[in-house]
Amino acid sequence: MNNYGAAQMAASWRTVRKNTIQIAEEIPEEKYAFKATPDTMSVGETLAHLALVTHWSEQAHFANKQTSVSGEDFQKWFTEIGQQAAGLTAKPAIVEALKTRGEAFAAQLERLSDADLEQMVDLPGGGKSRLDMLLGVKEHEMHHRAQLMLVERLIGIVPHLTRARLARMQQMADQAKAGSNRS
């Protein structure tokens with residue numbers, strides 16, 4: 001029995017993407033050109049990349065249900081992603097792409113069976129299950145989201161997850177203080 005299946009993966013993906021969208025919405029459009037260092041992607045480039053990077057996985061796992069993926073396949077898909085990203089530069093378009101493409105990806109995840117997730121896919125350098133490969137898409141987004149949260153700090157924004165944690169801590173402190181005042 002697989003305790004982590006398509007429904008759980010889709011729900012988890014939606015949470016990750018929701019947090020990415022909130023970051024995209026909170027960063028002002030005039031900061032979308034910001035780069036932490038000259039050799040990194042800008043905020044806008046990173047967000048466009050995240051909006052579109054599910055393309056390769058959609059091709060491999062949903063459109064073609066490939067059981068073998070070559071380096072040439074990845075090269076083709078990432079060329080397509082790069083071409084699409086070149087036209088995705090304005091904040092409203094990036095945010096909309098994050099929303100629509102993210103939900104479309106989640107809906108496709110939900111339709112996978114346990115047998116689909118268990119299927120092995122041959123890759124250059126070895127094989128992985130579809131489950132592992134699809135979890136990698138979420139991990140990739142979380143990696144870039146962490147970069148964006150650091151960028152938020154650099155441009156003077158306290159990330160929303162930090163604000164939420166601080167609010168919870170304050171609420172607990174206030175409750176503890178109120179409880180001690182009653183004694």
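Trp13, Phe62 and Phe105 come together as one aromatic cluster in this structure, which is a predicted model. When the whole structure is searched for aromatic pairs, four are found, and two of them are followed here in turn.

Within the pair made by Trp13 and Phe105, the ring centres lie 4.9 Å apart and the planes meet at 70°, so the arrangement is edge-to-face, given that an angle over 60 degrees counts as such. This pair links distant parts of the chain, since Trp13 belongs to helix 1, which covers residues 6–26, while Phe105 belongs to helix 5, which covers residues 91–110, and the two are 92 residues apart. Both partners are shielded: Trp13 has a relative accessibility of 2% and therefore counts as buried, and Phe105, with a relative accessible area of 0%, is buried as well, the cut-off for this class being under 20%.

A further aromatic pair is formed by Phe74 and Trp77, whose rings are 5.9 Å apart from centre to centre with 85° between their planes, which makes this pair edge-to-face.

Conventions
Residues numbered from 1 in each chain as written. Predicted model: local features only at pLDDT ≥ 70, side-chain atom pairs only at ≥ 80, totals over all residues. Heavy atoms only, no water. Phe/Tyr/Trp six-rings, centres within 6.5 Å; stacked < 30°, edge-to-face > 60°. Helix = DSSP H or I, 4+ residues; strand = E, 2+ residues; numbered from the N terminus. Buried < 20%, exposed > 50% of the residue type's maximum accessible area, 1.4 Å probe, protein only.
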